[in-house]
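Here is a short report on helix packing in one model. Start with the structure, then read on.

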Amino acid sequence: MSLPNLITLARILMVPILVWSIASGELELAFWLFVLAGASDAVDGFLAKRFHMQTELGAYLDPLADKALLISIYISLAVVELIPRWVAIAVVTRDVMIIGAILLSVLLAQPVTIRPLVISKVNTAVQIAFAALVLASAGLGLQPGRAFEVGLVAVGLLTALSAAAYLAEWMRHMAR
């Protein structure tokens with residue numbers, strides 16, 4: 001168990017606390033926990049690459065931690081009505097679709113290697129930035145102005161484009 005993997009596990013364990021803080025109206029705490037989770041993601045990635053501590057476990061844990069964090073945040077923000085439900089549904093549906101496609105390809109004895117697409121990396125960055133904006137607005141009293149609407153549209157559009165790109169790649173793989 002390497003240090004980056006321990007940091008990733010800590011991020012996973014942070015998710016229920018983050019959900020609790022949103023559900024309990026402790027939105028300033030939720031914002032700072034979200035910032036801490038983001039920082040830990042950067043630190044574990046840096047340590048793994050810089051000090052050659054990359055492991056097979058880490059290759060699975062890190063995206064799992066990211067998905068657990070983002071799905072939980074978006075569902076929680078929708079439940080407390082800080083974002084529209086459709087945004088959470090889009091984020092969750094995309095991730096369930098990707099995981100389902102991977103599992104189906106394994107069951108059909110055609111395992112697919114999912115590599116992050118550029119659109120997916122941009123999508124993840126925008127989802128994180130939008131969640132941070134929502135939490136900062138609610139927890140720190142910042143006024144987002146038009147950034148909320150722009151972020152909302154960007155998350156919706158990029159989530160749909162990312163899902164379509166992964167679906168197209170998976171269908172090409174399965175057709176081979």
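Helix H1 (residues 3-23) and helix H2 (residues 27-50) pack at an angle of about 165°, and their axes lie 9 Å apart. Axes are lines fitted to C-alpha atoms, for helices over the stretch in contact, and angles run from 0 to 180 degrees between N-to-C directions. H1 is therefore roughly antiparallel to H2 (the term applies to angles over 145 degrees). By class, the contact of the two helices holds these residues:

| Class in the H1 and H2 contact | Residues |
|---|---|
| Nonpolar | 18 residues |
| Polar | three residues |

Asp, Glu, Lys and Arg count as charged; Ala, Val, Leu, Ile, Met, Phe, Trp, Tyr, Cys and Pro as nonpolar; the others, Gly among them, as polar.

This is a predicted model: local features need pLDDT of at least 70, side-chain atom pairs count only at pLDDT 80 or more, and totals for chains, interfaces and linings use all residues. Residues are numbered from 1 along each chain as its sequence is written, and side-chain values use heavy atoms, without hydrogens and water.

Helices are DSSP runs (H or I, at least four residues), numbered from the N terminus. Helix H5 (residues 118-140) has 23 residues. Its buried residues (under 20% relative accessible area, 1.4 Å probe, protein chains only) include Ser120, Asn123, Phe130 and Leu135. The buried residues of H5 pack against H1, H2, H3, H4 and H6 (contact means heavy atoms within 4.5 Å). Gly141 follows H5, with a positive phi near 75°.

Val35 sits in helix H2. The C-alpha atoms of Val35 and Ser120 are separated by 21 Å.

How values were computed. Helix = DSSP H or I, 4+ residues; strand = E, 2+ residues; numbered from the N terminus. Parallel < 35°, antiparallel > 145°, perpendicular 65-115°, else oblique. Expected span 1.5 Å × (residues − 1). Buried < 20%, exposed > 50% of the residue type's maximum accessible area, 1.4 Å probe, protein only.
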